[in-house]
Amino acid sequence: MDKVDVRFPQPAKAPPSNLPKNALERATVLVTLMARMTSLLQQETAAVQARRPTSELAQFAKDKQPMSLVYEDISRTLRVDREGMRNLPDELKTSLKEAATALYAASAENAEALRLSGIAQKIIVDTVVGVVTKAQKAPTTAYAAHMGGGRGYTPPPNGARASAALNTRL
């Protein structure tokens with residue numbers, strides 16, 4: 001919640017002038033926005049499945065965030081205007097329903113791709129952690145006791161044991 005200085009009352013701010021004013025404008029903008037969001041989600045899903053670089057995937061997230069906020073705001077104001085919704089042309093209502101269905105399908109596919117990518121990354125990280133842990137537990141002497149009374153030779157590990165580190169941020 002915004003902090004308000006109650007000592008000096010301010011006049012109410014007018015809503016931004018570029019937002020749609022009536023239900024017809026809102027519905028038209030919403031159909032276009034949902035189509036753009038669907039396209040962006042499909043592109044992100046393809047990029048995740050193609051194992052594109054993290055920087056490219058981060059750009060998708062940056063692009064999705066403002067679109068999601070505008071979508072939420074416009075759809076909320078449209079839902080509240082029940083009279084305006086009733087008076088929309090049937091073609092626009094059909095377009096809204098189709099755009100919403102496509103957006104839902106793209107969102108579900110995108111969520112599944114991101115979930116599977118997260119699982120794959122976890123497997124890789126767990127494997128690397130296991131290898132590093134095993135390397136850190138290796139014997140520190142050249143003649144190990146487990147090799148039959150010192151008859152076998154194991155070369156000492158290179159570098160300090162503490163040097164094995166893992167960047168867990170993916």
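Begin by selecting α1, which has 27 residues and reaches 38 Å from its first C-alpha to its last, close to the 39 Å expected at 1.5 Å a residue (the expected span being 1.5 Å times one less than the number of residues; helices are DSSP runs of H or I with at least four residues, numbered from the N terminus). This is a predicted model, in which local features need pLDDT of at least 70 and side-chain atom pairs count only at pLDDT 80 or more, while totals for chains, interfaces and linings use all residues. Residues are numbered from 1 along each chain as its sequence is written, and side-chain values use heavy atoms, with hydrogens and water left out.

Go next to the start of α1, where a side-chain oxygen of N22 comes to within 3.2 Å of the backbone nitrogen of L24. Then select R51, which follows α1 and has a positive phi, near 55°.

Now show α1 (residues 23-49) together with α4 (residues 90-136), whose axes come within 8 Å and cross at roughly 25° (axes are lines fitted to C-alpha atoms, for helices over the stretch in contact, and angles run from 0 to 180 degrees between N-to-C directions). The two helices are therefore roughly parallel to each other, a term for angles under 35 degrees. In their contact, 17 residues are nonpolar, nine polar and two charged (nonpolar being Ala, Val, Leu, Ile, Met, Phe, Trp, Tyr, Cys and Pro, charged being Asp, Glu, Lys and Arg, and polar the others, Gly among them).

Finally, select A105 in helix α4, which counts as partly exposed because its relative accessibility is 44% (between 20% and 50%, with a 1.4 Å probe and protein chains only). The C-alpha atoms of A105 and L41 are separated by 9.8 Å, although these residues lie 64 residues apart along the chain.

Conventions. Angles under 35 degrees count as roughly parallel, over 145 as roughly antiparallel, 65 to 115 as roughly perpendicular and the rest as oblique. A polar contact is a pair of N or O atoms within 3.5 Å; within protein, one must be able to donate a hydrogen and the other to accept it, and residues adjacent in sequence count only if both atoms are side-chain atoms.
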